[in-house]
Amino acid sequence: MPFQVLPAQPSDIPEIAIIHHDAFADDPIIGRLMCDVKPDLKNEYDKKYYENTFAHMHLTGSVMHKAIDTEKGKIAAFAKWVYPYTLTPEQKAEKEKIDLSRSYPKGTNVELYENFFEQLDKKRKHYTDEERDYFLHILIVSPAYQRRGLGTMLIQEGLAAADRDGAKIYVEASSKGLNLYLRHGWKIVDDIKMDMTPYGGKGMAIEELMIRQPGVGVGTGS
């Protein structure tokens, strides 16, 4: 089955939002955030997130690619990177005007949402410099297309760009993506541990925080 990697477009948002939901439905942390939200409200929330992503790419260094099943014309996977960026004073002023407040749909586990993302944001700021480092923010493969090498396809351009720049790459890894990142040279530097019992889940969930130094991993000779 042939696949092709292309830049994602705003017109892809409806399909991307569905893949996002399906891929994270059984994640021990992300899957608990809105498991009690009505599907149509959850879908609208996810679409709004990606609408904001496309609208503010020029202010955030964001780059999005999709892997297309060329036989069926469907999106099989997608990735969102944040490349190093430096803003002009005018762009900084524009970015400061962006409304970052969250309006949660009814049924959201707000306490879990704010606890988890507060920790993510704090760690991200500690380990990355937006003017020098790369950040693989989102890598999602549709459950229907797992284990076909699409994750590797979608990270190749970012790996090559970071290696050319001699830059490190930061990623926040769930258990599903951990082995892919280890194969391509990322090392675990920290983690976020969440006791999911108070939030309706079971036991301890872990999000691994990883950094890849330039020129290491599969296909680099290291």
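Predicted model: local features only at pLDDT ≥ 70, side-chain atom pairs only at ≥ 80, totals over all residues.
Lysine 42 and aspartate 46 form a salt bridge, with their closest N and O atoms 2.6 Å apart; by salt bridge I mean a side-chain nitrogen of Lys or Arg within 4 Å of a carboxyl oxygen of Asp or Glu. The two residues sit 4 residues apart in helix α3, residues 39–55, so about one helical turn separates them, and both are buried, where buried means under 20% relative accessible area, exposed over 50% and partly exposed in between, with a 1.4 Å probe and protein chains only.

Residues are numbered from 1 along each chain as its sequence is written, and side-chain values use heavy atoms, leaving out hydrogens and water.

The structure holds 11 salt bridges. Another of them joins aspartate 26 to lysine 176, at 2.9 Å between the closest N and O atoms. Aspartate 26 lies in the loop between α1 (13–24) and α2 (30–33), and lysine 176 in the loop between β5 (169–173) and α8 (178–183), so this pair ties together parts that are 150 residues apart in sequence. Here, are the two partners buried or exposed? Both aspartate 26 and lysine 176 are exposed.

Aspartate 191 and lysine 193 also meet in a salt bridge, at 2.8 Å from N to O; aspartate 191 is partly exposed at 23% relative accessibility, and lysine 193 is partly exposed at 49%. Finally, a network of salt bridges links Asp121, Arg124 and Glu172.
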